[in-house]
Amino acid sequence: MSGPSPTASELAKAMPAPSTLAAAEQQPVNVLVVGVGGQGVIMVSKLIALLAQQQGFEVKQSEVHGMAKRGGAVFSHVRFGERVWSPTIPLGEADFLIALEWAEGLRWLNYLKPDTGVFICDTKQIVPPFSCRDRRPGAALGYVRETVDEVIAKVAEGYAIDATHMAEQLGNDRVANVVLLGALSAALKFPASQWEEIIADFVPKKTVGVNIEALRQGRRWIEEARKGLPHPSTVPTPAMPVHADYRVRLEITPEWCKSCDICVKMCPERCLRLNAERIVELASPEKCTGCRMCEWLCPDFALRVHLDPVRATEGAVR
Ligand code: SF4
Ligand code: SF4
């Protein structure tokens, strides 16, 4: 980002007056970003705020982090316009609701403007660890049950996008938030080149390429969806993994592990321990159900649980 920013009025003269930007000169545009800790909610809202500021708008942003660990609810309000008096979006006043997690999206629907609000939601499901009371393989987990069609029917304009899968296809599941930002970028109508410029300035240099591609894919997806591309009509009912279908792999980053013991104490199957160097390790892989509780509860992002599908020729897991 460099050079003096044009004012909102200069910007309006320099480019076609898309409805959202024109509206921002009359009253603030309200964007609510929600998700759970570790998904990049704050990054998304910061990028929107920076871009709006760069365009000459007054911006107010407020955010609530979760419990400083993954799994806690996180939300951020971004408001921009010629004049913005309050940093928080009143109930029923959000122009856009961007949700990085399915159930979190549903929880905030009443913040959307009933007649014009746009809902953009990842179908990614992150089941709160403590809702998994039945830990048998294949057991249904406590989670919202609404279908995508039921949810979309409740809002003026809604999109359910499998952003996490798109990000995985790009080789980096952490850019799912930028796929959603790309979808928003098509609706907000700041120039595409400026979205890309600000992302390139903001993210680590080695991830610029994948982030820009994620932005473009999100943008393309929503442009197609607006022409009538069918969205997924349902999201799968989350369930405990079934052993015969996967191989559990724990990816541990030893240099991030602070030996706090939380994962060891909270693992329902008691299959973790700290080794001689006081770094976590999977002591009893045969007991691990792949429930991910250790991953969600680790405050230092030192653990990731992978469920690698077992190919038919490999047979059962253990
Ligand atoms: S995924 Fe983690 S918390 Fe769950 S059983 Fe395996 S080691 Fe324990
Ligand atoms: S992996 Fe995370 S939760 Fe487990 S001991 Fe290390 S820092 Fe603590």
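Which elements cover the buried residues of α3?

Good morning. This is a predicted model, in which local features need pLDDT of at least 70 and side-chain atom pairs count only at pLDDT 80 or more, while totals for chains, interfaces and linings use all residues. Residues are numbered from 1 along each chain as its sequence is written, and chains are lettered from A and ligands numbered from 1 in the order in which they are written.

The protein chain has 11 helices and 10 strands; these are DSSP runs numbered from the N terminus, H or I of at least four residues for helices and E of at least two for strands. Buried residues, those with 20 or more other C-beta atoms within 10 Å of their own, with C-beta atoms placed from the backbone, make up 36% of the 318 residues. Two residues are in contact if their C-beta atoms, placed from the backbone, lie within 7 Å. Of the contacts with a separation of 6 or more, 67% join residues 24 or more positions apart.

Let me now turn to confidence. The mean pLDDT, the predictor's confidence in each residue from 0 to 100, is 82 for the protein chain, and 80% of the residues score at least 70. Helix α1 (residues 8-14) has the lowest confidence, at a mean of 35, and strand β8 (residues 272-274) the highest, at 96. Over residues 1-18 the pLDDT is below 50, and it stays under 50 over residues 312-318. Where pLDDT is low, the predicted coordinates should not be read in detail.

I come back to α3. This helix covers residues 41-54 and reaches 20 Å from its first C-alpha to its last, close to the 20 Å expected; the expected span is 1.5 Å times one less than the number of residues. Its buried residues include V41, V44, L47, I48 and L51. Among the elements that cover them are the strands β1, β2, β3 and β4 and the helices α7 and α8. After the helix comes G56, with a positive phi near 95 degrees.

Helix α9 (residues 208-226) also agrees with expectation, because its 19 residues should span 27 Å and its end C-alpha atoms are 27 Å apart. Its buried residues pack against β6, α6, α7 and α8. One residue in α9 is G218. Why does G218 count as buried? It does so because 27 other C-beta atoms lie within 10 Å. Not counting residues up to four places away in sequence, G218 touches A163 and the residues V178, V179, L180, L181, G182 and A183.

Next, the interior. A nonpolar core is a set of buried Ala, Val, Leu, Ile, Met, Phe, Trp, Tyr and Cys residues joined through C-beta atoms within 7 Å. The largest has 61 residues, of which L32, L97, I98, I120, V179 and L180 touch the most other members. Helix α7 gives the most to this core, with nine residues. Apart from it lies another core, of 12 residues, including C291, W296, C298 and A302.

Finally, the ligands. Residues around a ligand have a C-beta atom, placed from the backbone, within 6 Å of it. Around ligand 1 these include C267, C271, C288 and C291. Around ligand 2 they include C257, C260, C263 and C298.
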